[in-house]
Amino acid sequence: MLAEAKSIDTTIPAQTPADPAASLLGVYKPAAPVFVGGEGSELIADDGRRYLDFTSGIAVNALGYGDPDVAAAIRGALDAGVVHTSNLFRTAPAAELAAWLTARSFADRVFFCNSGAEATEGAIKFARKWAGAEKREIVAFRGGFHGRTMGALAATDRPAYQEPFAPLMPGVRFAEVGDVQALEARLSWGNVAAVLLEPVQAEGGVRPVPAEFLQAVRALCDKHGALLILDEVQTGLGRTGWLWAHETSGITPDIMTLAKPLAGGLPMGAVLVTEAVASVMQPGDHGSTFGGGPLVASAALATCRKIESILPEVRRKGTLLADLLGALALRNPGIRAVRGGGMLWGIEVDGAAGIVSRALESGLLLCSAGADVVRLLPPLTIGDDELRRGVALLEEAIGC
Ligand code: PLP
């Protein structure tokens with residue numbers, strides 16, 4: 001016999017918590033302002049104060065805030081009424097986006113997912129499927145960052161992030177960027193499926209990997225039958241002034257991961273692969289319920305097209321920013337190094353967290369990349385005067 005239905009209490013609790021954010025899991029320490037709007041390179045807080053954004057939502061908002069083309073693409077997809085279908089069915093935007101990406105890269109096929117970490121997971125799975133049962137190992141690098149899920153975290157060289165969650169995915173070994181001999185020794189064991197590398201170690205302190213090392217890794221992968229996976233989640237799609245950061249090194253990978261700026265702020269990741277890798281993946285081998293949905297793919301198409309159209313400008317502004325930061329370093333002996341390119345820069349200086357919080361007080365949003373690197377990630381669309389204003393505010397924050 002059915003139990004008698006309980007009456008449902010529909011009264012709304014009279015008290016809301018004093019701090020609505022108290023209900024969020026405490027894995028972040030967000031800054032105090034509550035942002036309610038954005039325009040160009042600025043975020044607008046609920047008290048009306050404007051902040052110049054040198055974080056771009058951690059390298060996501062490549063086109064800044066309120067880009068009309070991305071907004072129109074999102075509106076168009078909403079008006080069409082199909083936000084999601086799943087990959088059981090075909091939709092046009094994902095296919096068009098995949099064609100756009102393959103036409104401009106080494107890749108022949110694209111798998112869409114929802115984040116950078118998920119792209120790393122896909123890349124590892126595709127590499128292992130390609131390599132077969134005898135070659136399971138992934139070689140990643142000291143200082144690298146590939147995401148927080150169990151496989152991506154295993155390949156992320158951060159003991160503090162890893163240890164509470166062990167055991168992680170087995171089969172990852174770490175090598176040092178620049179140490180060709182050690183990498184060759186590791187690959188010569190014959191059990192490596194893939195080498196996984198960021199062209200610029202962004203979270204690890206904005207450390208560009210020298211082109212010669214990228215070329216050596218490519219050659220070693222070819223010699224020992226391993227795949228090269230480039231993680232361009234943070235560097236890809238214009239951040240360095242080029243569509244792909246690896247372009248200037250003259251090499252191409254077998255697999256490349258993308259995410260952050262891809263869909264103009266909506267969550268989307270992608271794994272780009274050669275036909276050789278694609279050919280081992282069969283229906284059922286991998287999947288994602290949301291991956292490549294029409295809403296995000298429409299936003300991504302508009303974002304990618306616009307980013308491509310402004311690349312020469314990003315390179316020009318990258319040179320301006322390099323000059324501004326070079327002069328800043330000359331005036332401030334506490335700055336030990338300035339590294340980067342395009343709209344991705346790291347300033348090595350003691351007390352990065354203090355600089356970030358002082359800059360916030362004066363209206364500049366910054367983030368760090370470790371304890372002693374302030375990271376600059378302005379929108380690719382930022383104006384010259386905004387770059388000058390941001391560097392002036394940064395100097396104040398450093399000088400305090
Ligand atoms: N790979 C790189 C190079 C990253 O910088 C990040 C995030 O910062 C990731 C992967 C993980 O991306 P997500 O946070 O979207 O999972």
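I take buried to mean under 20% relative accessible area, exposed over 50%, and partly exposed in between, with a 1.4 Å probe and protein chains only. With that in hand, I looked up His246, which is buried at a relative accessible area of 3%.

**Ground rules**

I am working from a predicted model, where local features need pLDDT of at least 70, side-chain atom pairs count only at pLDDT 80 or more, and totals for chains, interfaces and linings use all residues. Residues are numbered from 1 along each chain as its sequence is written, and side-chain values use heavy atoms, with hydrogens and water left out.

**His246, continued**

I found His246 in the loop between β10 (227-231) and β11 (255-258). Helices and strands here are DSSP runs numbered from the N terminus: H or I with at least four residues for helices, E with at least two for strands. Which residues does His246 contact, leaving aside neighbours within four places in sequence? I noted Pro199, Leu230, Glu232, Ile251, Thr252, Pro253 and Met256. Contact means heavy atoms within 4.5 Å.

**The whole chain**

I stepped back for the overall picture and listed 13 helices and 17 strands. The C-alpha atoms fill a box of roughly 80 × 60 × 45 Å along the principal axes. For 400 residues a compact globule would have a radius of gyration near 21 Å, and the 22 Å of this protein agrees with that. The radius is taken over C-alpha atoms, and the globule rule is 2.2 Å times the number of residues to the power 0.38. Of the 400 residues, 50% count as buried. I also checked contacts between residues at least 6 apart in sequence: 72% of them join residues at least 24 apart.

**Gln215**

Is Gln215 buried or partly exposed? Its relative accessible area is 36%, so Gln215 is partly exposed. Not counting residues up to four places away in sequence, Gln215 touches Ser249 and Ile251. The C-alpha atoms of Gln215 and Ser249 are 7.0 Å apart, although 34 residues separate the two along the chain. Ile251 had already turned up in my list for His246.

**Thr156**

Thr156 lies in the loop between α5 (150-154) and α6 (159-162). I read a relative accessible area of 0%, so Thr156 is buried. Beyond its neighbours within four places in sequence, Thr156 is in contact with Gly144, Phe145, His146, Gly147, Gln162 and Phe174. I checked Gly144 in particular: its C-alpha atom is 5.6 Å from that of Thr156, with the two residues twelve apart along the chain.

**Helices α2 and α10**

How do the axes of α2 (residues 68-80) and α10 (residues 294-309) cross? They come within 8 Å and cross at roughly 155°. That makes α2 roughly antiparallel to α10. Axes are lines fitted to C-alpha atoms, for helices over the stretch in contact, and angles run from 0 to 180 degrees between N-to-C directions. Angles under 35 degrees count as roughly parallel, over 145 as roughly antiparallel, 65 to 115 as roughly perpendicular and the rest as oblique.

On the α2 side I noted Pro68, Asp69, Val70, Ala73, Ile74, Ala77 and Leu78, which meet Pro294, Leu295, Ser298, Ala299, Ala302, Thr303 and Lys306 of α10. By class, this contact of α2 with α10 has ten nonpolar, two polar and two charged residues. Nonpolar covers Ala, Val, Leu, Ile, Met, Phe, Trp, Tyr, Cys and Pro; charged covers Asp, Glu, Lys and Arg; the others, Gly among them, are polar.

**Helices α11 and α13**

I then looked at α11 (residues 311-331) and α13 (residues 384-399), whose axes come within 10 Å and cross at roughly 25°. The two helices are therefore roughly parallel to each other. Among the α11 residues in the contact are Leu320, Leu324 and Leu328, and α13 brings residues including Leu387, Val391 and Ile398. My tally for the contact of α11 with α13 is nine nonpolar, no polar and six charged residues.

Most residues other than glycine have a negative phi, and most peptide bonds are trans. I picked out the exceptions below with that in mind.

- The peptide bond from Ala166 to Pro167 is cis, with omega near 0°, and Pro167 is in the loop between α6 and β6 (172-175).
- Ser56, in helix α1 (residues 56-59), has a positive phi near 50° and counts as buried at 0% relative accessibility.
- Ile58, also in α1, has a positive phi of about 55° and counts as partly exposed at 39% relative accessibility.
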